[in-house]
Structure formats: structure tokens, C-alpha cells
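Hello,

I am passing on the structure we talked about, and some notes on it follow below.

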Amino acid sequence: MHLFFVSGLYYYDKISLFTRFVMKIMIAAGGTGGHIYPALALADEIRKKDKNAEVVFFGSSNRMEAKIIPQAGYRFYGTAMSGMNGGLLAKAASAVSLLKADALCHKILKKEKPDMVIGFGNYISVPMVAAAHRMGIKTMLHEQNSYAGKANRFLAKYADGIVGCYASNLDQFPKEKTKILGNPQASAAALTVYDQSEIEKTGLDPEKPFVLIMMGSLGSVSVSKYIDEACSLFDDSYSVVIAAGRSNDYVFENAKRDNIRVLPYVNGRNLLKGCALAVVRAGATTMAEIGAIGTASILIPSPYVPNNHQFHNAMELVDQDAGVLLEEKDLSGKKLAEMVNELMKDEKRRKTLADNCRKCGKPDAADDMIAMMKEIMDRG
């Protein structure tokens, strides 16, 4: 991999610069995994369907996408840009960075000449989608959450098409150009085949039903305390796998039991497929995956996200009897253990939750989104 820096523009190259493919798509995505991984899932599906298609990414040069996207084998343009949160000085700095990013996006688009630009949310998508619109390039947005983010709400007027994951998105965007097709991550999750070797490696009984507790890839110190308290109250008729998170330094004191394992990281999709019950956050990626897989779940939405969007995500399932809500403000070790024990004793209830969750899922999201892209591009 090579890294170039020209006039504030970072350019990562892992694919030959001299090859011009039949169709080229520019994707703007970054900030968090909730924006990045759905974008990569769509890119992978585009390349799977058309080996001659090319997908190029744009994002922040100083955030996680600058490493993750090139590692996935895609060319990546990045620039430093700050969000609009904070006081007057922060907003002024953001405005300046937006103007610089806008000029860079114009240069990138003039050079790459993509057939379409797709924004996956986050402020980094604003200059790229807006510049594409001004240059007459077809544009599309993808909204992962039930409560749309500021960037996508702002960009809606510039988009030729908008893809949402929840019916509530139809009230947030122009209905005439919005379709509820789901999250491309769901398409990848739907193909998951459970491999019990991951359970076997922990020393747990692979024939015993297990509960997966997973508070995102980084984990949650605030919730870990209550999970730890619940460990001493979980019934021993099932196993418990706790994915503590890579950045979680909480020490579990009550998990030293034969039927409980605490791991820093697990193959989430695999264990979501194999578990009898999941206790999870309600982030966009997790929601897409449990919907595609059909997983009975207790949802603990993070209250620390913009617009409390995880709560709204969770309620989309709860209202369909496809998940059980446990808000963090109501959380205790005793309450969590009671809910888990009750559901693990009620297989019929778990099956109802799993079946309803699967009905809410959209495993064909990537295919449907590609079909919509072609429809927009065919309009000329």
C-alpha cells in the first residue's frame, strides 16, 4: 500500500491507477463502524456481481476508515474534517474544513469521473455528495438508523435516491425518492452458517444452549458492572459467552463459573447465529445482523449516541414483538438475570421473538440497493 499527500489530500492506492472499469462508484463513509461496514458490504456485493466494476472510497484521513477501507482492498481518498458539534470556535473550524473538503471533492470527482456517488452518513459525506450533485453526477444516500442523522437530513435535497432501513425513515425524507431496503450488512449476515468450534474452543459444552452478551466491538464499562452482578444469578442450565470488548478494561469478578466465559472479542455473526438468546446494544449493524439471522434478543440501547437513535432502533423491533427492551436507566444485575433466566426457560417465547425478528430483517438489502442504483443511473 502506498500513501500520497498532495495539497491536503491523502490518497491510498491498492489497485492499478491505469485501469478504467465499465462502472465506477464513489462511496463516502466514515466516522464509525456503523457507517463504514455497511458501505464495505455494498462495495463487496457490487464487485461480486460485476468484476469489472470499480468502487472508490472517500472518508476522514484521521479516523478508522483510513485503515479499514484500504485493508479491505479499496482505493481510498481521505481528508481531515471536523464536525459541527461544540462552541463557536469549533463550528468556525468545521466551516473552514468543509470549504477545503469541498474543493478537494471537486478535484477527486473531476479525476475519477464516477457514475454515482453514495453517501453513508456522517459529516464526511456532506462535501462529496454535495459536490457530485453540483457536477451532475447521480447521488444516493443510505441511512442506517431509524432516526436519521444530520448529514443525511441535510443531503436529502441533493440525492437522486435514498435508502432507509426503517419505515420511520419515510417520514424523515422525501417519500418519492426513498425506499426502505435495509442495511447491506444484513445480506452478509444472512449467509452465516453456525460453526460451533468457537464454543468448543472456550471449553463450554457445545450441546448446551448459550446466551451471547455483546455490547459492541469496544464494549461498555457502564453495562459491564451490571453484567458482572448478573453472572452470579444466571441459571446453570445454559452457558453464557460475554464479549467484553477490545477497549473494555473492566474486571469481571463473578464470571469464574464453569458455564460462563468472558472474551475480549468474538465472531459476532457466528455466535448470533448459534445462540439461544442475545443481549446486545441496538446499533445499526447489530440490528441488521439479528434481523437477517433471526435472533431472539434483549436490547439495551446506548443512551450515549446522537438523538438517542439506538432507542428508536430498538423500538422498531419491540413494537413488532421481535425483541425485548431493557433501557440502561432501568438496568441492574438482578433485572438482567431475571429477564435472561425467564427467557431461557421459555423456548416458545424465544422462538416467537426470533421468528418476528427474522420477518423484520432484510437479507436482500445489498441486491435491492444495487437494483435501485441501476434504476437511477438508467434515468440518464
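In which loop is Lys113 found? Lys113 sits in the loop between helix H3 (88-112) and S6. Please keep in mind that this is a predicted model.

Backbone angles: Lys113 has a positive phi of about 50° although it is not a glycine. Most residues other than glycine have a negative phi. Lys113 counts as exposed because its relative accessible area is 54%, and exposed means over 50%. Asp321 is another residue other than glycine with a positive phi, near 55°. Asp321 lies in the loop between helix H11 (309-318) and strand S15 (324-325). With a relative accessible area of 31%, Asp321 is partly exposed.

Strand S6: this strand covers residues 116-119. Met116 and Ile118 point one way from S6, while Val117 and Gly119 point the other way, and all are buried. S6 pairs in the parallel sense with strand S3 (residues 24-28) over 4 bridges, and Ile27 stands opposite Ile118 in S6. S6 also pairs in the parallel sense with strand S7 (residues 138-142), over 4 bridges. There, Gly119 stands opposite Leu141 in S7.

Surface charge: a patch of negative charge on the surface is formed by Asp195, Glu200, Asp205 and Glu207. Of these, Asp205 has its place in the loop between helix H7 (197-202) and strand S10 (210-214). Asp205 counts as partly exposed, at 41% relative accessibility.

Regards

Notes
Residues are numbered from 1 along each chain as its sequence is written. This is a predicted model: local features need pLDDT of at least 70, side-chain atom pairs count only at pLDDT 80 or more; totals for chains, interfaces and linings use all residues. Side-chain values use heavy atoms; hydrogens and water are left out. Patches are made of residues with over 30% relative accessible area and no salt bridge: like charges are joined within 9 Å, nonpolar side chains (Val, Leu, Ile, Met, Phe, Trp, Tyr) within 5 Å. Accessible areas come from the Shrake-Rupley method with a 1.4 Å probe; for residues, only the protein chains shown count as cover. A salt bridge is a side-chain nitrogen of Lys or Arg within 4 Å of a carboxyl oxygen of Asp or Glu. Lys and Arg count as positive and Asp and Glu as negative; His and the chain ends are not counted. The place of a charge is taken as NZ of Lys, CZ of Arg, CG of Asp or CD of Glu. Helices (H or I, at least four residues) and strands (E, at least two) are DSSP runs, numbered from the N terminus. Buried means under 20% relative accessible area, exposed over 50%, partly exposed in between (1.4 Å probe, protein chains only). Two strands pair if DSSP finds at least two bridges between them.
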